[in-house]
Amino acid sequence: MMILVFAQWCINHDLNPEDIYLKAYPTQKENKELKEAISLTVSKEEAGEINNETVLGVLSLFGNDDLAFILSEEMEKLKK
C-alpha cells in the first residue's frame, strides 16, 4: 500500500516513480514491488488527491526516510 501511495502521488504530479525511487536508492535497479504498484496506478485525472503530508507520513511510517527526503526535494521544486 505504501508503494502504491508513493507511485500514485508521483503520477499525480507528473513525476516518474522509478526515477524518484532511484534517486533515493541508486543501488536498487529493479524493484518488482514498485513496478507492480505502478501498474495499479490510474491517470491523475482519475485519481483522488494525495496531499504531501499523507505521502510523507506513509513513507516515514514504513521507515523510508531516504525516499521521503527525495520526495520533499521534489515537492519544493513543484512549489516554484
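How are α4 and α5 oriented, roughly parallel or roughly antiparallel to each other? Notes follow, point by point.

1. **Basis.** This is a predicted model; local features need pLDDT of at least 70, side-chain atom pairs count only at pLDDT 80 or more, and totals for chains, interfaces and linings use all residues. Residues are numbered from 1 along each chain as its sequence is written, and side-chain values use heavy atoms, with hydrogens and water left out.

2. **α4 against α5.** The two helices are roughly antiparallel to each other. Their packing angle is about 160°, with the axes 8 Å apart. Helices here are DSSP runs (H or I, at least four residues), numbered from the N terminus. Axes are lines fitted to C-alpha atoms over the stretch in contact, and angles run from 0 to 180 degrees between N-to-C directions. Angles under 35 degrees count as roughly parallel, over 145 as roughly antiparallel, 65 to 115 as roughly perpendicular and the rest as oblique. The crossing of α4 and α5 is left-handed: the near helix is turned anticlockwise from the far one by less than a right angle (clockwise would be right-handed).

3. **Who touches whom in that pair.** From α4 come N52, V55, L56, L59 and S60; from α5, D65, L67, A68, L71, S72 and M75. Contact means heavy atoms within 4.5 Å. By class, this contact has 7 nonpolar, 3 polar and 1 charged residues. Ala, Val, Leu, Ile, Met, Phe, Trp, Tyr, Cys and Pro count as nonpolar, Asp, Glu, Lys and Arg as charged, and the others, Gly among them, as polar.

4. **α1 against α3.** Helix α1 spans residues 2–12 and helix α3 residues 32–40; they pack at about 60°, axes 9 Å apart. That makes α1 oblique to α3. The crossing is right-handed. I3, L4, F6 and A7 of α1 meet E33, L34, A37, I38 and L40 of α3. This contact divides into 8 nonpolar, no polar and 1 charged residues.

5. **L4.** This residue of α1 is partly exposed, at 26% relative accessibility. The cut-offs are under 20% relative accessible area for buried, over 50% for exposed and partly exposed in between (1.4 Å probe, protein chains only). Beyond its neighbours within four places in sequence, L4 contacts A37, L40 and T41. The C-alpha atoms of L4 and I38 are separated by 7.0 Å, although the two lie 34 residues apart along the chain.

6. **α1 against α4.** The axes come within 9 Å and cross at roughly 145°. This crossing is left-handed. M2, V5, F6 and W9 of α1 meet N52, V55, V58 and L59 of α4. The classes are 7 nonpolar, 1 polar and no charged.

7. **The core.** The largest nonpolar core has 19 residues; F6, W9, I20, V55, L59, L67 and L71 touch the most other members. Each of α1, α2 (17–24), α4 (52–61) and α5 (65–79) supplies at least two of its residues. Such a core is a set of buried Ala, Val, Leu, Ile, Met, Phe, Trp, Tyr and Cys residues joined through side-chain atoms within 4.5 Å. Leaving aside neighbours within four places, W9 contacts L15, I50, N51, N52, V55, L71, M75 and L78.

8. **Two residues to look at.** Q8 sits in α1 and counts as buried, at 9% relative accessibility. Outside four places in sequence, Q8 contacts T41, V42, S43, A47 and I50. D14 lies in the loop between α1 and α2. D14 is exposed, at 59%. Its phi is near 60°, a positive value in a residue other than glycine.
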